[in-house]
Every structure is written in structure tokens, then in C-alpha cells.
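Here is a short briefing on one protein model. Keep the coordinates open while you read.

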Amino acid sequence: MKKSITKSVIAFLVFVFVFIYGLHFFSKLMIPKDEATAEIVSGLYQQKKDSIDVLVLGDSSTYRSVNPAILWEDNKMTSYVIGASSARIYSLYYLLEEALKTQRPKLVVLEANCLFNTRDYTLGNKRKIIDNMKLSMNKINMIQDNVLHLTKKEMLSTLFPISLYHNRYNELTKDDVMKTIYGNDSEFNGFIMNKKVKPAKSNPYYMENTSKNQLDEISKKYLAKIENLCKEKNIPMMYLKVPGIREWDKTKNELVSAYAQEKGIPYYDMNFKLKDPIDWSKDTIDKGIHLNADGASKVTHELSEYVREHYNIQTIKSDEVNSTFDTMLKNYYDKLYKE
């Protein structure tokens, strides 16, 4: 009798495990995989353990501006850009937690524009990040964090997104299946390349503009969490602002500068100090919101020099990692010069 009960319990537990695993697998299968954030978040898991020297956190202005292929070309420095469209600072905190499970970077760079993305994220933007994170306590903690304002129903559907995407079954391709099984890689380690040119209205005095922006309590709270996490792991931090004629101004710069000085964290605002200045008639894809490949090249060369001068980053890597980054660099230039 006892053996029969034991067998029944084991069979039930096996059934539950298979059911949950199946639900999780098919949830991953149904999630759209061709969006920038999906590739960036998923691609993080494809990096070889402890292979990344520099982690860069930010929103779309970041993943359009910092190019790991060029950081590798300049310094043989390995890097990954963890970003999401209109990323909120709390989302970047959980993504950093995720990255530090497998990486021990020598520098974390936080792009400052996310500190002023303070309006509530749409559910769709929240899901672009969460859906592509692996199932873990970190993901569950993020889903349950009150700052996301998720209802119980939204929490459940976020944990098992098949309930939202089940209608995609007739759109599935072989590529969806392969990316679900083997992983969805990021072509240039989080950098999203675009060669288009759509000029912005030139305004050389945009950094003299003032605004009513403030660093709110949520930004300060999650900044502190990121800073404390880096301290615990003994990882240096710096704040960065990439050029942004449409998003940045004097007030924002002064707020971040004062905060960084108070915390003793370096801050580099490229809206003032670029040696090779952005040409807003040529270096942007959308009238100054994001940079194109040429603009990103200027920013990354500058960042590369700054990091080399201010941080002692040893870049000795395995032959496998070296080969991976050499291939990425070659693919970048092949795509850059392809008509």
C-alpha cells in the first residue's frame, strides 16, 4: 500500500514537473524574437561565462550609441550593452542582477538618460524585457516588485506568457524553434546598427536649455540598489551620457553631475566633450533621437579612450573569446560597407 502511494506521489510530481517545463518551453517558443530588446536580453545568456569586461546599461539611445565591436577593435576590451527601449532604471537593476549571475565585469557603465524616464512603462515595454529573461527568482522578484504596478493576472501571464501569445502558433517559423532551443543571439552584443541618415535641426546651444526635470525617489532608490550591487561585487561604476540633442539639457546634466559627485562616481557627459563632435546633419537616423553607425563610432571611440585612461582593465581572454569578438568585428565591417 505504501509503495503504491509512493509511486502515485512520484508520478504526480513528475507530471507537475513535465507540465511546468512544457508550459515554460512553449511560452518561450511563442514569444516574438525579432525585436531589439528581445535580441539584447536573450543574447546576454549566449555570452561565455566571465567573458565580459564592460557592461553598459541604458535605453535605446545607449544601444544605438555604444558599439562593442569598436571597443574590441580599439582596446581588445570585451563588452555587452544591456538595453531596452525607454528603459526604466528599475528594469536595468534587474537586468544587471541577471548579468552578474554569469559575468564578473571590471566596469559597469550606466547611461544617464534612463534616470529621467519616469512615466509608468506600458505593459508591452515591461514584457519585452521580462518575457526574454530566464525563469529564476530574480525574474519572479521583478514581476512582484510594486514599482511595475502589475495586477495578479498580469503577473501570472508574465510568468507564463503563452497565455498572451498563444495566437502566434500559426506564425511560428523554423527560426522561432531554433532560437528557443539554442538561444536568441545578439549580432553585435547589444548594439543595434543602423546606417540611415535623417538630419536633425542643428542647435549648437541645446545644452544651455533648462527644464523642470528632477531625480525622483524611484530613480534614487534603484540607483542606490545598482551602486550597492556593484560595491558588493567590487565592480567600479561610471555614469555616461551619450550625445542627445532632443533628450538632454543643462538641467539634467547638472542633476546627474551633482549626484555623481556626491556618490564619488565618475560621470562623463559627451554632449560637452566629444573630440570628434556629432554632426547632427549626418550622424542620426531619426532627427536627433538616435545615432546611426557613424555617430555610434564617434561615441564608442571616445568611450574606449576614456575607459583606457581611467580604468585598469586587463583584457587577457581565451582563444575562443578572442575568436568570437574578432568574428563580430569582421561581421560589423562587412555589414557597414555592404550596399
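The lining of the second largest pocket counts 8 polar, 4 charged and 3 nonpolar residues. The model is predicted, with a mean pLDDT of 87 for the protein.

**Second largest pocket**
- The volume of the second largest pocket is about 290 Å³.
- Its lining is made up of 15 residues.
- Closest to the pocket centre are Gln 47, Asp 185, Asn 189, Thr 324 and Met 328.

**Helices H4 and H15**
- Helix H4 spans residues 68-75, and helix H15 spans residues 319-336.
- Their axes come within 9 Å and cross at roughly 115°.
- The crossing of H4 and H15 is left-handed.
- From H4, the contact uses Pro 68, Ala 69, Ile 70, Trp 72 and Glu 73.
- From H15, the partners are Asn 322, Phe 325, Asp 326, Met 328, Leu 329, Tyr 332 and Tyr 333.
- By class, this contact of H4 with H15 holds 9 nonpolar, 2 charged and 1 polar residues.

**Around Leu 255**
- Leu 255 sits in helix H12, residues 250-263.
- Leaving out residues up to four places away in sequence, Leu 255 touches Phe 116, Asn 213, Gln 214 and Leu 215.
- Leu 255 and Asn 213 are 42 residues apart in sequence, with their C-alpha atoms 8.6 Å apart in space.

**Confidence**
- A pLDDT of 70 or more is reached by 83% of the residues.
- Confidence is highest in strand S3 (residues 107-111), at a mean of 98.
- Confidence is lowest in helix H10 (residues 174-182), at a mean of 55.
- Where pLDDT is low, predicted coordinates should not be read in detail.

How values were computed. Residues are numbered from 1 along each chain as its sequence is written. This is a predicted model: local features need pLDDT of at least 70, side-chain atom pairs count only at pLDDT 80 or more; totals for chains, interfaces and linings use all residues. Side-chain values use heavy atoms; hydrogens and water are left out. pLDDT is the predictor's confidence in each residue, from 0 to 100. Helices (H or I, at least four residues) and strands (E, at least two) are DSSP runs, numbered from the N terminus. Axes are lines fitted to C-alpha atoms, for helices over the stretch in contact, and angles run from 0 to 180 degrees between N-to-C directions. A crossing is left-handed if the near helix is turned anticlockwise from the far one by less than a right angle, and right-handed if clockwise. Contact means heavy atoms within 4.5 Å. Ala, Val, Leu, Ile, Met, Phe, Trp, Tyr, Cys and Pro count as nonpolar, Asp, Glu, Lys and Arg as charged, and the others, Gly among them, as polar. On a 1 Å grid over the protein atoms alone, a cavity is a set of points where a 1.4 Å probe fits but cannot get out, and a pocket is an open set with protein on both sides within 12 Å along at least five of seven lines; lining residues have an atom within 4 Å of a point. Grid points are joined across faces, edges and corners, and a volume is the space filled by probe spheres set on the points.
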